[in-house]
Structures are given as structure tokens and as C-alpha cells.
Amino acid sequence: MNFFKKMLQIVLVTAVSVTVLTGCGSNQDSAKTIVRIGHNQSSDHPTHIALTAFGEYIEEQLGDQYDVEVYPSELLGSQTDMVQLTQTGAIDFCVASNAILETFNKNYEIFNLPYLFANAEAYHAVMDDTVITDQLFKTTSKAGFEAVTWLDAGTRNFYTVSKPIESPADLKGLKIRVQQSPTNVEMMRLLGGSATPMGFGDVYTALQSKIIDGAENNELALTNNGHGDVCKYYSYDMHQMVPDILIGNYAFLQNLPEDERAVFEEGFKIVNQVEREKWTEAVEAAKNKAETEQGVIFSYPDQEPFVEACRPLHESVLENNPDIQPIYDAIQEYNALYAEQEGR
């Protein structure tokens with residue numbers, strides 16, 4: 001299956017590249033411009049549903065000018081491949097992880113900080129505040145792309161095989177899979193656990209064979225990836241809320257006539273709205289399935305000891321990258337506002 005998927009990727013990428021070189025993305029029979037969007041999720045994932053809604057809206061408003069094609073499941077290659085294709089204009093949009101965008105602008109690293117947001121409400125308010133996000137989203141035009149909206153990927157939490165994580169002390173001696181980034185490795189060190197970076201596709205086997213004692217991710221990993229078959233404890237410490245980002249080819253966006261650009265901007269809002277609605281539904285469904293079919297127990301530990309343990313990481317990142325201090329301060333203002341509304 002991997003061989004055939006790889007061959008399909010090669011055929012599709014070659015086709016879109018040739019189209020750009022010979023026809024600038026236009027369908028010569030209909031004189032319509034083909035808008036190609038790639039992402040790495042399945043066709044039933046909130047990301048794909050939202051991008052499909054975007055395509056339907058664009059075609060509804062500008063159907064005599066544009067055909068929108070959405071390619072799920074890495075059909076156009078890995079996220080790194082798709083970012084490169086978006087840079088060159090071989091495709092027009094793709095969904096990129098925060099980690100990839102950090103290689104183009106170091107300031108994206110702020111979203112990797114653990115316990116950056118007080119709660120999901122503060123997180124959403126920050127990401128909806130263009131005064132904050134434009135300081136990142138509008139900085140990569142020289143690289144050939146710009147961020148056009150963000151996608152909710154929920155909260156990342158610890159889940160383990162043998163016991164719930166109620167405090168940092170419970171992580172001592174446990175090998176926890178983390179994403180392959182220095183920030184996550186340092187987070188685990190500060191919390192007392194042993195970080196085990198590895199690719200996401202290897203996590204299930206590592207859990208099953210007890211190479212690792214747990215992992216950290218959102219609730220969908222329990223059900224969509226089967227991790228809840230092995231890990232029976234899911235602890236809402238909410239250590240990260242890291243958005244995915246929809247990016248667009250800069251030349252494509254700049255060349256849109258003003259009236260068409262307005263339609264696309266409305267379409268980007270639809271992507272964000274639909275994805276967030278579908279994400280909420282997907283999380284609720286995943287929790288229900290994990291509890292009733294997999295026997296997963298959900299717990300809600302006091303977050304403050306975790307926050308305090310990771311405070312030195314905030315200090316070191318801010319010291320090494322003072323450019324993100326204004327963004328960090330703005331986030332703290334939202335944290336204080338939404339913590340106050342919760343009555344903390």
C-alpha cells in the first residue's frame with residue numbers, strides 16, 4: 001500500500017507541477033483556474049470537511065472562474081513537501097504544522113511553549129486576534145507564502161498505560177513519547193519524566209510493546225489511532241494548544257482582484273468556523289468511544305504544579321528570543337481575562 005500511495009503522490013505532484021509550468025493552473029477547456037489544496041488528514045477529519053466547505057463556497061461565488069480541488073491524506077506528499085509546493089506555486093494552499101513554519105520564522109516557537117494558554121477560551125481568543133497573529137502570519141511572504149487562517153488541533157494531554165498523571169511526580173520514571181522538538185524534550189525533563197521523541201506512526205507499536213509508558217496528544221489519538229486500546233488513563237493537564245495553519249501561495253493571493261480576494265477571505269473564515277465546529281464534535285465522539293468501548297478513564301489534575309515546573313522554560317525561551325515578548329505579553333492579558341471569567 002505504501003508503494004502505491006507513493007506512486008500516486010509522484011503522479012499527482014508531477015501533474016500539478018506540469019500544469020503550473022504550462023498553464024498557470026488553468027483548465028484550458030473551461031478557462032477556469034484550478035485551486036489545489038493539500039493536507040495530511042483523512043477525508044473524514046474536520047480539516048478535510050472544512051476545506052471542502054471552503055471549496056464549495058468559492059465555487060458557489062466564483063464558479064465560472066475557479067475549480068477547487070482538495071487532496072487529503074498526504075496525496076501530494078508530506079507536509080514539508082506540500083509547503084515547498086505552495087512556495088513555488090505548484091499548489092495554492094496547504095495545511096502546515098507550527099513546527100514546519102518555525103523553520104521560516106523562529107517566532108512561531110511561542111506556540112510550542114507548554115502551558116502557554118490558561119484555557120481553551122484564551123487560546124481561541126488569541127488566535128482570533130489578528131493584531132497578535134498577523135505578527136506571525138504576515139512574515140513569510142519572502143518565502144513565497146502567507147498564513148491565511150488557523151485550525152484548532154485541540155489540547156495535548158498525557159495518556160498512560162499503568163496509572164493516571166495527577167501531578168508531575170507521577171511522571172517520574174515514565175518514558176513518554178513526545179514530538180521531535182527540543183522544547184518538548186525540555187518540558188518532559190522539567191516535569192520529571194523521560195522524553196522519548198519518535199514519529200507518530202511508531203507510537204502504537206511502542207506502547208503495545210512497552211517500549212514507552214505513555215504519550216501525549218489530543219483525544220482523537222485514542223480512537224483514530226488505537227492508542228486507547230493500550231493506554232487506559234487520559235489526564236487533562238492541557239500542556240499544549242498548538243494550532244495548525246492554512247498557508248497560501250503569496251503570488252496567488254496578491255494577484256487576486258480585489259473583489260475575488262474578498263470572496264477568498266470570507267472563505268478562509270468558513271474554513272476556521274467549520275473546522276472548529278467539527279473539531280468539537282469529533283472530540284466529543286472520541287471521548288465517548290474511548291470511555292464506552294476502550295475503557296479509558298479521564299481525569300482532571302490541578303494544572304498549577306505543572307505550570308510552575310515549566311516556568312523556567314518560558315523564561316529561557318523569552319531570553320533567547322526577545323522578539324516574541326510582545327506576543328507573549330498579549331497572550332498573558334487574555335489568560336488573565338479568561339481566568340477571571342472562570343472565577344479563578
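A residue counts as exposed when its relative accessible area is over 50%, as buried when that area is under 20%, and as partly exposed in between; these terms are used in the legends below, which describe close-up views of a predicted model.

View 1. Lys210 has a positive phi of about 65 degrees although it is not a glycine, and its place is in the loop between helix H8 (203-208) and S9. Because its relative accessible area is 64%, Lys210 is classed as exposed. Ser73, likewise not a glycine, has a positive phi of about 55 degrees and sits in the loop between S3 and helix H3 (79-88). With a relative accessibility of 28%, Ser73 counts as partly exposed.

**View 2. The salt bridge between Arg156 and Glu216.** The closest N and O atoms of Arg156 and Glu216 are 2.9 Å apart, and the two residues form a salt bridge. Arg156 belongs to strand S6 (residues 156-160) and Glu216 to strand S9 (residues 214-217), so the pair ties together parts that are 60 residues apart in sequence. Both Arg156 and Glu216 are buried.

**View 3. The salt bridge between Lys32 and Asp67.** A search of the whole structure finds 11 salt bridges, and among them is the one in which the side chains of Lys32 and Asp67 meet, at 3.8 Å from N to O. This pair links distant parts of the chain, with Lys32 in strand S2 (residues 32-38) and Asp67 in strand S3 (residues 66-71), 35 residues apart. Asp67 has a relative accessible area of 24% and is therefore partly exposed.

**View 4. The salt bridge between Glu265 and Arg261 in helix H11.** The side chains of Glu265 and Arg261 meet in a salt bridge of 2.8 Å, N to O. Because the two residues are four residues apart in helix H11 (residues 258-292), about one helical turn separates Glu265 from Arg261. Glu265, at 30% relative accessibility, counts as partly exposed, whereas Arg261, at 18%, counts as buried.

**View 5. The largest pocket and its lining.** By class, the lining of the largest pocket holds 15 nonpolar, 23 polar and 10 charged residues.

**View 6. The second largest pocket, with helix H11 in its lining.** The volume of the second largest pocket is about 380 Å³, and of its 20 lining residues the closest to the centre are Thr130, Phe137, Val148, Thr149 and Glu265. At least two lining residues come from each of helix H5 (120-128), helix H6 (130-137), strand S5 (145-151) and H11, and H11 gives the most, with seven residues. The lining of the second largest pocket divides into seven nonpolar, five polar and eight charged residues.

**View 7. Helix H7 and its buried face.** The buried residues of H7 are Thr183, Asn184, Met187, Met188 and Leu191. Seen down the axis of H7, these buried residues fall within an arc of 135 degrees, so they line one face of the helix. They pack against S6, strand S7 (175-178), strand S8 (194-197), strand S10 (233-240) and H12. The face of H7 turned away from its buried side carries the exposed residues Pro182 and Arg189. Just after H7, Gly192 takes a positive phi of about 95 degrees.

View 8. Ala50 is found in helix H2 (residues 46-62) and, with a relative accessibility of 0%, counts as buried. Leaving aside neighbours within four places in sequence, Ala50 is in contact with Val271, Val274 and Glu275. The C-alpha atoms of Ala50 and Glu277 are separated by 9.3 Å, although these two residues are 227 residues apart along the chain.

Definitions and conventions: Residues numbered from 1 in each chain as written. Predicted model: local features only at pLDDT ≥ 70, side-chain atom pairs only at ≥ 80, totals over all residues. Heavy atoms only, no water. Salt bridge = Lys/Arg side-chain N within 4 Å of Asp/Glu carboxyl O. Buried < 20%, exposed > 50% of the residue type's maximum accessible area, 1.4 Å probe, protein only. Nonpolar A, V, L, I, M, F, W, Y, C, P; charged D, E, K, R; others polar. 1 Å grid on protein atoms, 1.4 Å probe; cavity = no way out; pocket = protein on both sides within 12 Å on 5 of 7 lines; lining within 4 Å. Points joined across faces, edges and corners; volume = space filled by probe spheres on them. Arc of directions from axis to C-beta. Contact = heavy atoms within 4.5 Å.
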